[in-house]
Amino acid sequence: MARKTVSRKRKAGEPKDQQQLGWCQSAHKRSRVSSSSRHAQQWWRSRCSVVCALRGREFRPQQQHEWRLQRSLRGFAAGRLPGILKEREFSLGRLNKVFASQWLNHRQVVCGTKCNTLFVADVLTGQITRIPMLRDRECRGGGSGQTGGVGLGSHFHPAGGSGLDQQGCGIHAIELNPSGTLLATGGDNPNSLAVYRLPTLDPVCVGDDGHNDWIFSIAWISDSMAVSGSRDGSMGLWEVSEEVLSHTERSQSEEGMPCYSHISHRALKDIPKEYTNPYNCKVRALAFNNNHKELGAVSLDGYFHLWKAEHNLCKLLSTKLPHCKENVCLAYGQDWSVYAVGSQAHVSFLDPRQPTHNIKSVSSRERGSGIRSVSFYEHIVTVGTGQGSLLFYDIRAQRFLEDPLSPAGGYRQRPGEGVLKLSTGKGWLSHDETWRSYFSDINSFPNAVYTHCYDDSGTKLFVAGGPLCSGLHGNYAGLWS
């Protein structure tokens, strides 16, 4: 009671305007409470019932637990699966060396070859379906000459053959955009970028005014923007805009047959050439870090370059790699924030935010044949070599997986002994004039693993390639499951 009396006296002694202010604040509080109550009521009405709300609170931790459990099971399976994989070879006819591959769905893989052939392989039936190549505009001045413009349409040629002589070149890159609605690869002219629509593989456009030499690598940085890395030492930024897509759809409906547009590059950047011989600055591989919107690039002069890649390309840094011979493949591990670079005999793990002396390298134990492909799946880094081997490096344990059939804890005469190594099958080799002149006395040739990719489940590994020697004509493709 004393407290109330004091409070009343204090209020009685206050000026009227201050009393009015306190009243306004009280009214404001009441209005704020009533407003929040209304929001709460509206929220409760938006819910089906109190039971749904309570059930959501009950199951949310359970869902998180299930997600963590699934992640743990995937990691466990990724470490155990390589030891039980079995090979099933496919016949690719007389195609020459598969350089690139990507899964389209649970049973179809799209591949590109050295003989500039794009095809889809059905891993269940073994059927091969060739995809027509997209050609450049007949006259470079016929379309829009402006950067990022849309040129005149071209008709889709149903013939699967290439109109150009592609000896020693071919399709080196195939990439799907994040939503899986577009596919980018090389065109009929290996200097050009070709884009197809998924899942139909209808043609969309060709970027044919950027590079002066072969495209070696492609990386999507968004659903509509892709970067191409070329042998001429440049990186091209291309945009497949809604205007391009609608223009292609409209042209196809009017013509009654597949046709496509021609686009110009949005940006074209040369990698730094001041460090080394400018004629050896060929962009060989690209990998995109979606979290930081950064693009890693490896050049044949032994450098790693990092670019900020959003609406343009902005150089961040260049780093000399510890092993600078035959740097031909690159992958980014999103969960580990590191790039894996394959070289002649090593895989180097690079975090651009760490000093260069922190770059860790592991030997492939197959010196001279080179690392030809590399990929991340969970904590396992899969390595494809020029000698036709598949190796599996555990990035958590920092060692290669061991062969489950080798004696555990036994004496190792050589450092690489006991390591799990899967070897590719025989494949097909053409006994042509080159083979008869130089290699007829050699019984067999290993097939270099130029490309490999896991399906979404992580239980199927598609592996493809061909003979390592550039003069030999042959191929290999197999499903490991």
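1. A contact here means a pair of heavy atoms within 4.5 Å. In this predicted model, residues 24 or more positions apart supply 55% of the protein chain's contacts, counting those with a separation of 6 or more.

2. Secondary structure of the protein chain comprises 32 strands and 5 helices.

3. On burial and surface: the protein chain has 481 residues, and 47% of them count as buried. Its accessible surface is about 24800 Å². Carbon and sulfur atoms hold 50% of that area.

4. The peptide bond between Leu198 and Pro199 is cis, with omega at about 10°. Pro199 sits in the loop that runs from β9 (193-197) to β10 (202-207).

5. Asn116 has a positive phi, near 60°, although the residue is not glycine. Its loop lies between β3 (108-113) and β4 (118-122). Is Asn116 buried or exposed? Asn116 has a relative accessible area of 1%, and the cut-off for buried is under 20%, so Asn116 counts as buried.

6. Ser337 is another non-glycine residue with positive phi, here near 55°. The relative accessible area of Ser337 is 33%.

Notes: Residues are numbered from 1 along each chain as its sequence is written. This is a predicted model: local features need pLDDT of at least 70, side-chain atom pairs count only at pLDDT 80 or more; totals for chains, interfaces and linings use all residues. Side-chain values use heavy atoms; hydrogens and water are left out. Helices (H or I, at least four residues) and strands (E, at least two) are DSSP runs, numbered from the N terminus. Buried means under 20% relative accessible area, exposed over 50%, partly exposed in between (1.4 Å probe, protein chains only). Accessible areas come from the Shrake-Rupley method with a 1.4 Å probe; for residues, only the protein chains shown count as cover.
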